[in-house]
2 protein chains.
Amino acid sequence: MALIVQKYGGTSVGTVERIQAVAEKVAQVRQRGDQIVVVVSAMSGETNRLIALARAIDERPDPREMDVLISTGEQVTIALLSMALHKIDCPAKSYTGGQVDILTDNAFSKARIRGIDDVRVRSDLEAGRVVVVAGFQGVDEHGNITTLGRGGSDTTAVALAAALKADECQIFTDVDGVYTTDPRVEPKARRLERITFEEMLEMASLGSKVLQIRAVEFAGKYNVPLRVLSSFEEGEGTLITFEDEGMEEAKISGIAFNRDEAKLTIRGVPDQPGVAYSILGPIAGANIEIDMIVQNVSEDNTTDFTFTVHRNDFTKALELLQDTATVLGAREASGDDSIVKISLVGVGMRSHAGIAATMFETLAKEGINIGMISTSEIKVSVVVDEKYLELGVRALHNAFNLEQNGVANP
Amino acid sequence: MALIVQKYGGTSVGTVERIQAVAEKVAQVRQRGDQIVVVVSAMSGETNRLIALARAIDERPDPREMDVLISTGEQVTIALLSMALHKIDCPAKSYTGGQVDILTDNAFSKARIRGIDDVRVRSDLEAGRVVVVAGFQGVDEHGNITTLGRGGSDTTAVALAAALKADECQIFTDVDGVYTTDPRVEPKARRLERITFEEMLEMASLGSKVLQIRAVEFAGKYNVPLRVLSSFEEGEGTLITFEDEGMEEAKISGIAFNRDEAKLTIRGVPDQPGVAYSILGPIAGANIEIDMIVQNVSEDNTTDFTFTVHRNDFTKALELLQDTATVLGAREASGDDSIVKISLVGVGMRSHAGIAATMFETLAKEGINIGMISTSEIKVSVVVDEKYLELGVRALHNAFNLEQNGVANP
C-alpha cells in the first residue's frame with residue numbers, strides 16, 4: 001500500500017465536469033488500495049474574479065483581507081471535489097489550510113510554510129477516506145488566514161507529502177511532463193522520464209511552466225519524490241528525483257531558454273576594488289533583478305563589465321548605468337534588448353568534459369555569434385542575438401542527441 | 001460609549017458600491033465614539049451560484065461539504081467590507097465564524113449556536129478596530145465548518161450581541177421597520193416604533209420578511225434589544241423590546257396574515273380518548289406541519305375536528321385524512337385550500353376585554369364569514385375565504401385605529 005499526494009491545478013478543476021473527472025482518477029487510486037491525499041487549486045478564473053472585486057474597492061487592498069478573500073477560491077474546490085467523490089461512493093473529507101494546521105509565517109500573500117500537523121489527515125486516511133486539502137493557503141500562529149503566493153498549491157502538496165512521508169507527490173497539470181526543450185521551438189523535443197531536482201531548478205525557464213521552483217526546492221530539501229503528469233492524458237509523466245548512477249550516462253537533460261532578458265555593458269571602467277558594487281549597487285537599489293554577470297579584464301588597467309536584466313527593466317537600468325558611467329569616468333555604457341539566453345542543463349556535465357566545447361562548436365557552425373558565456377556546475381548558458389533562438393536550440397538538440405534521450409510521445 | 005452590533009443582509013452588500021456604502025455607515029458609528037461589530041451575509045446571488053455548482057455535481061450533496069462550500073459566500077463579504085473600511089481609513093479586521101469560535105452543534109446546514117468566545121473580538125474593539133464577522137456560519141467541536149440555515153446571519157448578530165452584552169443589535173434590511181400590517185394590502189399601514197418580542201413572534205407571517213424568528217427568540221432569551229432598520233433610507237426603524245408600561249395602552253400592534261394555509265375537516269368522529277392522536281398522528285408522521293387545531297363537540301357522541309396545514313401539503317394531508325376517516329368510521333373528511341388566516345396581535349390584549357368581539361363584529365359588518373377561530377394570550381386568529389383577505393385586513397386596520405398607532409412614513 002502506497003501513500004500518494006496528488007495536486008490538481010486550476011485548469012484541471014476548471015469546470016464541474018473536470019472536477020468529476022478528477023474524482024474518477026482519485027477514486028481509482030483508492031480502489032487499487034493506496035492511500036491518497038488530494039490538493040487542489042481554485043477553479044481557473046475564480047482567483048481573477050475575486051481579485052477584480054477587491055481592486056474595485058481598493059487598488060492596493062489590505063493584504064490580510066486579500067488573503068481572507070482569495071482563500072475562498074480553493075475552499076469552493078475542496079467542497080465540490082469531495083461532493084463529487086461522495087457521489088461515486090468514495091468516502092472523502094475536505095479541509096481548508098487552517099483546518100489541517102498548515103502553519104505559516106504571517107507574510108500575507110507570500111507566506112512560507114512552517115509546519116503541518118498531520119494527525120487529522122492520518123486518521124482520515126486510516127479510516128479509508130480520501131483527504132482533500134485546499135492548496136495555496138494556511139494560517140499564522142494567531143489563526144489569521146494566509147496564502148502562499150503564486151504556485152502555492154504545488155508547495156502545499158509537497159509540504160503535505162513531506163509531513164506524511166508520502167511515497168510520491170504527483171503534480172497534475174496541462175502538460176504531460178518535462179521536455180528536453182520547448183516543443184514549440186523544437187518539434188523533436190521529447191519528454192524526459194526522469195530529471196534531477198538540480199536540473200529542474202536550472203531549467204527554470206522551461207520548468208516554471210510546469211512546476212513552481214519553490215515547490216521543487218522544498219521537495220529537494222525534504223527528499224519528496226515528485227512527478228509531473230497530465231490531467232488530461234494517460235502517461236507516466238516525468239519523475240523529479242535524486243541523482244542516481246543511471247543518470248550519469250546522459251550528459252545533457254535539456255535545453256532551456258529565456259526570451260525575456262536584455263544585456264547591458266559598461267566599457268573602460270577603472271579596474272579597482274569596489275567597482276562591481278559601484279556598478280550594480282544602483283541597479284539593485286532600484287529593485288531590478290540581475291541574472292548573468294560577466295567581467296573581463298581589458299587593457300590600460302580598465303575593465304569591461306556586462307550583465308543581464310529582465311527586458312521590462314531595460315530602459316531604467318540603462319539610464320542608471322549611464323549615470324554610473326559618468327560618475328566612474330567610464331568610456332561607454334550601452335545595451336541590447338534583442339538578445340536571448342540559451343542554456344544546456346545536465347548533471348552529467350560534472351563528469352564529462354567537452355560539453356561547452358561541443359556547444360560552442362555547434363553554434364559556430366551555424367554562424368551564431370556568442371555575446372556572453374556563463375557556467376555553473378550543471379549548466380552552460382550563452383547569450384545570442386534573439387533571431388538565432390530557434391536555430392540555436394534545434395542545432396543543440398540535435399548535437400546532443402536529445403531526441404534519443406527523451407521518451408517518444410504516445 | 002455604546003457597543004453596537006450591526007447586521008447587513010445580502011441585498012445590502014449585493015454590489016461593491018453597496019459594500020462601500022455600508023463601510024461609510026459603519027465608519028460613522030465608530031467616528032462618533034461607539035464600538036461596533038458588523039455581521040454580514042453573502043452578496044445576494046452568491047449563495048445561489050454556489051448551490052447551483054453543488055447541484056450540478058450531486059442533487060443531494062454531502063451536508064458537511066455543502067457547508068464548506070456555502071460558507072465561502074460570507075467570507076468573501078467580510079474581506080471586501082474590511083478592505084472598504086481600510087480604504088476610508090477606518091481600522092477593521094475580518095473573522096470567519098470559526099476564527100471567532102462561534103461554536104455550534106454538528107447539524108450541518110441547520111446548526112445551532114452553543115457558544116461564542118468573545119476574547120478576540122473584545123481585544124480588537126478595545127484597540128479601536130471595527131470587527132467584521134461572517135454571519136450564518138460556525139464550527140463544531142471538531143473544527144468542521146457548519147452553517148446555521150436560513151436567516152442564520154441574524155442569529156449570528158444576536159448571539160454576538162448577547163455574548164458581548166451589546167447595547168443594541170441593529171438588523172439592516174430592505175424594509176425600514178415592522179409595520180402594522182403589509183403595506184401592499186393596506187396602504188395606510190404604518191411603521192411601529194416599538195414592538196415586543198412576543199408580538200414579533202406572533203407576527204411571524206409579517207415578521208419573517210423582516211427578521212428570522214430564531215433570531216427573535218434568541219434575542220428575547222438573552223435580553224438583547226433588537227432594532228430593524230433600512231440599509232437604504234435614514235430612519236429609526238422598529239425597536240423590538242421587552243414589554244413596558246407604555247405599551248399597555250395600545251391594544252393591538254398589528255395585523256398578520258397568511259395566504260399559505262389550507263384547512264381540513266373530519267366530521268362525525270366517535271368522541272373518545274385518543275381520537276386526536278389517531279387523526280393527527282398520520283399527518284405528523286408524513287412530516288406535515290400543523291398550524292391551527294379546533295375541535296368541537298357535536299351531537300350523538302361524535303365530534304368534528306378541523307386543522308390547517310401548509311397549502312403545499314394539502315393534497316397529501318387530505319389523502320391521509322380520508323384513510324383515517326375510513327379506519328375511525330367517521331362520517332366525512334373534506335378540505336378547502338382557498339382560505340387565509342388573519343391574526344390580530346398585541347400584548348395589550350391581555351388586559352383589555354372585547355378585542356375578539358370587536359374583531360368578529362367588524363368582519364360581520366363586511367359580510368365576511370369566519371371559518372375557524374383560535375386564540376392565544378396575545379393573538380386572535382380567524383380563518384376566512386381567501387377572497388376576503390384584503391377587505392378583512394383593511395376593515396380591521398381601520399377598526400383598531402392602527403393608522404394612528406404607527407409612525408407616519410417620512
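My entries below go from the ground rules to the chain pair, then to single sites.

**Ground rules**

I am working with a predicted model, in which local features need pLDDT of at least 70, side-chain atom pairs count only at pLDDT 80 or more, and totals for chains, interfaces and linings use all residues. Residues are numbered from 1 along each chain as its sequence is written, chains are lettered from A and ligands numbered from 1 in the order in which they are written, and side-chain values use heavy atoms, with hydrogens and water left out.

**Entry 1: the two chains**

I superposed chain B on chain A and got a rotation of 179° with 0.1 Å of shift along its axis, at an RMSD of 0.2 Å. That is the relation of a two-fold axis. I then asked which residue of chain B comes closest to the rotation axis. It is B:Thr72, with its C-alpha at 2.8 Å. Both copies use the same surface, as 100% of the contact residues of chain B recur in chain A; contact means heavy atoms within 4.5 Å.

**Entry 2: arginines over rings**

I looked for charges over rings, which requires NZ of Lys or CZ of Arg within 6 Å of the ring centre and within 35 degrees of the ring normal. The charged end of A:Arg64 sits over the ring of B:Tyr95, 5.4 Å from the centre. In the other direction, B:Arg64 lies over the face of A:Tyr95, also with 5.4 Å to the ring centre.

**Entry 3: helix α3 of chain B**

Helices here are DSSP runs (H or I, at least four residues) and strands likewise (E, at least two), numbered from the N terminus. For burial I use under 20% relative accessible area as buried, over 50% as exposed and partly exposed in between, with a 1.4 Å probe and protein chains only. Helix α3 (residues 63-70) of chain B has seven of its eight residues buried, so it is largely enclosed by the rest of the structure. B:Arg64 is one of these buried residues, and B:Met66 and B:Leu69 are also among them. What do they pack against? I found α4 (72-87) and β3 (92-95) of chain A, together with α2 (46-57), α4 (72-87) and β8 (145-147) of chain B.

**Entry 4: A:Asn144**

A:Asn144 lies in the loop between β7 (137-139) and β8 (145-147) of chain A. At 7% relative accessibility, A:Asn144 counts as buried. Its side chain makes a polar contact of 2.9 Å with the side chain of A:Arg64. By polar contact I mean a pair of N or O atoms within 3.5 Å; within protein, one must be able to donate a hydrogen and the other to accept it, and residues adjacent in sequence count only if both atoms are side-chain atoms. Leaving aside neighbours within four places in sequence, A:Asn144 is in contact with residues of both chains, including A:Phe108, B:Lys93, B:Gln99 and B:Arg120.

UniProt, in an unreviewed entry, places a "binding site" at A:Thr47 and A:Glu74. Although spread over 28 residues of sequence, they cluster in space, with a largest C-alpha distance of 8.9 Å. UniProt positions are in the numbering used here, feature names are shortened, and annotations may be inferred rather than shown by experiment. Buried or partly exposed? I checked A:Thr47, which counts as partly exposed at 25% relative accessibility, and A:Glu74, which counts as buried at 2%. A:Thr47 belongs to helix α2 (residues 46-57) of chain A, while A:Glu74 lies in helix α4 of chain A. A:Thr47 touches A:Ala42 and A:Ile70, not counting residues up to four places away in sequence. The backbone nitrogen of A:Ala42 lies 3.5 Å from a polar atom of the A:Glu74 side chain.

A:Tyr179 is buried, with a relative accessible area of 14%, and its side chain has a polar contact of 3.0 Å with that of A:Asp176.

The rings of A:Tyr8 and A:Phe172 have centres 4.6 Å apart and planes at 15°, so they are stacked. Rings of Phe, Tyr and Trp (its six-membered ring) pair if their centres lie within 6.5 Å; planes under 30 degrees apart are stacked, over 60 edge-to-face and the rest tilted.

Notes:
Least-squares fit on C-alpha atoms with pLDDT ≥ 70 in both.
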